[in-house]
Amino acid sequence: MLEETLTRHKKRFQQYNSFRKAVFRQLTPKESDVVLHLVPWLLSVNHPLCPGFIPDLKKPFKIYGIENQPEIAKREPEFKRRFKIIDPSPLLALTARFYMIQGLYTIGSVGTVSQTPLSDCDIWVCYDQQDIDQVGLLQLNQKINLVKDWLDLNLRMPIYFFLSSIDDIKKNHFGNMDSESSGSTQRNILKEEFYRTSVLICGKVPLWWIACDDGGLECYEPALTAIAKQQFDGRDIIDMGSIQEVPRYEYFGSALWQLHKSLTFPLKSIFKMILLKMLLQTAPQRLICDRLREMVLVRSNGRGFPDPAVFTIHSLFAYYAGRGDTETLKFLNECFYLRCNSKSNQRQTIIKNKLFAPLLKKYAIDARTKRYLDRYAQWDFGAQISLGHRLIELLSQSYGDIAATHCEEVSEIDQQEVSILGRKIAACYKQRLDKIPVLPKPSGELNLSDLTFSLQDRTWFVFVGTDRKTPLVSHNNIMFCIAFIVWNNLLEPARIRMAPNSSSVTLQEIINLGLKMRDFFGVYDISAIEFTHFLKEEHPTKVLVSVSFEKSTWEKDINDFGVIYKNNWGEGYVKRFSSPYKLESFLRKYKVGGQQFETSYYLQRNCMSYEKIIERTKRIIQVGQGRPVPNPAQPPAELQEDLDVLVERRVRRLKNYISRMPSLSTTATKVIEICNRPTTSPNDLNRVISLDPILTGHVLRLVNSAYHYLFNRVTSLTRAIIMLGINTVKNLALSKAIFEIIGEKEYFRALKMDIFWTHSITVGVTAKSIAAIKGIPLAELEEYFVAGLLHDLGKIPLNNRFPDEYSQALESRAIDDGPMHRAENLIFGIDHCMVGKLIAEKWQLNETMMDSLGCHHDWRQAGEENQKLVSIVALADAYANSFENGNANTDPPENPIMNRLLDDVDIEWSALLELRGSVEKEIENAKAFLNKTKKR
């Protein structure tokens, strides 16, 4: 008895499947022929001229039963001609060895009244893991991708393939969440949709479809037993698993997914969302796929087959009719009619009217409304947007009803996926300050009208067509209005108008800025954002800075910045800043987190100072990203000048100041000159130093000091030079000469002398200690000490020449605790590293000292022969700053610069910690010694 039932139902399913294929062919003859015949043929052949050819194919692929498909065999000669294959032998000839593909199945609107010219086609390529090994699976995936590449170029209908394991389908695992796969948010619901909407292209019949008795009740397990005992021939049957109910938590997950899909297809998603709400509120109830199967296999004899989409919508309408919600029912009926007839041609309309007949018989649409809906392609812009708003409102309301009942069951769903979907939905729907709203588009493109910009009482309005009452968008910042039009893909320059107004903005500048935005950002497309982006906190990825857009071209106001930016979640924002301080403060929080973004600029082309203002803006962003600035009520007057001129003037003043600084003493200069000679001997140095009693005393004091732990007093200058080494003596002479010049308090204004020298000594001692750990020869260690000691000399001329501005830089650094050179750059346009190089040139110091002074904040820019020394000085500087800023922990500070330095120097943080005690002692010794070098 069961065998007879299964046999009868299989035959009935095959008739129904043929009906679905026939609908597909009538709706889209070209696309259906490719999907139903060419695609299975391409997957089952491997010819060099065919799409999908793999040269090193391990074994050919074969879709089950393809040799028994007469329509495919009949079309093979045509396929050969298409690909210019001359070989007369059949390409589908079977071989003894092959990989078996269990079947190809569509899912969704294909072959139903819901199919439109805008529909895509999802194809499941199902395989059994026992039939295909790992190599075969990789090659099948490669073959599918090659075939898809050809389809993308040659077919209007988008085709998407999903390579699916039968075992995964049984377990309701349909892949990780991506642009198409829903992950854990809907499993049983997706299988229910598959059984309800699928078309068998080629391969085995799903067991579910035939496993029911004559009353429509499922007999899945008995059917499996009958096949196992060979009571029924199951060779052409495939077990994809049964489905008896949908877990309640899936309604929430699926609703979340449908709300995500509605971001781009609200007219399509509304029915799935409403269906979920209905199923939730009527559960427990037989699944719609079960009722459809019963209708197909048991009740449709002699009465034709039901259309799956119409059958589903009929159930949905009955639900709303039963609740007495006639308003929603009427709206859904009109939306379904629109959804199914969008851009349909006459032939398709005839077919669809026939499929629609059972639904329209009970839920009729009056003739006037039907004519209006039939003209949807000619609806004006306002009517389309109104429909979009109504769809989004109903979607949100339905989602809210589902979430209110089942949000507590979200734990059953992957929390990461919930976070991704939640953030993606918020990126589209949630309104935030300065965020560009997204227009709800029911489907496809909008019918654009002329857009007119109008300024009224300091507010900009954009009106559509002749309507002057309801603006499309309004804002006090015209850049926001322009960005709104660009973001929503409404920018057509020939359709942009401007009402007369008192502003200096011209129509051409509006168009120019709009085109610049579109070229730089593109238009809003939430579907193009990778899901992984929503796992990160939002941050700008592209930033466009417009300067003084609403100012006259004769004005040189460089304190009006418009910032349009796009973030990694696909959101667009427009902000406005009235000073470089506020602009820098906005950018700072993203650069502190290490985020990178692309930057572009816009200024009216006929601006009288175009190049200078653009360059100044670039400098502000370049030197100020990620660092705080003081925020006085009124910025310094000098910042109103062009930055290039200002920097040039300041450099000139600094050079004049440095040129007036005392030169190094004659003795120090002579000592440095002699020490730089490769043939210098201790006797040569003795002859020079002995002429300077003070320097002689310092050399002897150094060699006998506790700093070098000597127990027998040295009185011979030559012996002292031999013991200290030529480099040490040279650096002592240099330190003494510099202390004589700038060691007094009058050289310190904003800077505090004690803090400056304590930091300098700490860096010098630490650099020397690190160098010792790294195996630097003893004779060269003093070079590291002096390089560290003098690394910040450039701060002194900046501080002395511009004390007020330097106080602002110190205040800026105190706010954020960032590097001082960044604060200096923002205030001055130059920093102490640049000034340090000027001092090195003035005193004719060697390349090593010049790189230490000029590159210790960018050590990789130092000369190749000096990079080791400069990187160690930079590390010593960072180490000193770390502990001076109160880091008493043993953990390394969370600082990417410190991490790069540790890598470049190749030393562990723990090794630096071990130095701390000895460094502190050395610092005290160095302070005691260096204090004696000052002028008395």
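**Entry 1: a salt-bridge network.** I looked up D33, E71, K74 and R75 and found them linked in a network of salt bridges. The model I am reading is a predicted one. Within it I examined the pair K74 and E71, whose closest N and O atoms are 3.5 Å apart. Both residues belong to helix α3 (residues 70-82), and because they are 3 residues apart, about one helical turn separates them. K74 is exposed, with a relative accessible area of 57%, while E71 is partly exposed at 34%.

**Entry 2: other salt bridges.** I noted that the structure holds 24 salt bridges. Side chains of opposite charge can pair when their charged atoms come close. I looked up the salt bridge of D133 with K58, in which the closest N and O atoms are 2.8 Å apart. This pair links distant parts of the chain, 75 residues apart: D133 lies in the loop between β3 (121-127) and α4 (134-154), and K58 in the loop between α2 (29-44) and β1 (61-63). I recorded D133 as partly exposed at 32% relative accessibility and K58 as partly exposed at 41%.

I then turned to E294 and R286, which form a salt bridge with closest N and O atoms 2.7 Å apart. E294 is buried, with a relative accessible area of 8%, whereas R286 is partly exposed at 33%.

**Entry 3: S300.** I located S300 in the loop between α11 (288-299) and α12 (308-323). Is S300 buried or exposed? I found S300 to be buried, because its relative accessible area of 2% is under 20%. Leaving aside neighbours within four places in sequence, S300 is in contact with R12, M295 and F305. S300 and R12 are 288 residues apart in sequence, yet their C-alpha atoms are 9.8 Å apart in space.

Definitions and conventions: Residues numbered from 1 in each chain as written. Predicted model: local features only at pLDDT ≥ 70, side-chain atom pairs only at ≥ 80, totals over all residues. Heavy atoms only, no water. Helix = DSSP H or I, 4+ residues; strand = E, 2+ residues; numbered from the N terminus. Buried < 20%, exposed > 50% of the residue type's maximum accessible area, 1.4 Å probe, protein only. Contact = heavy atoms within 4.5 Å. Salt bridge = Lys/Arg side-chain N within 4 Å of Asp/Glu carboxyl O.
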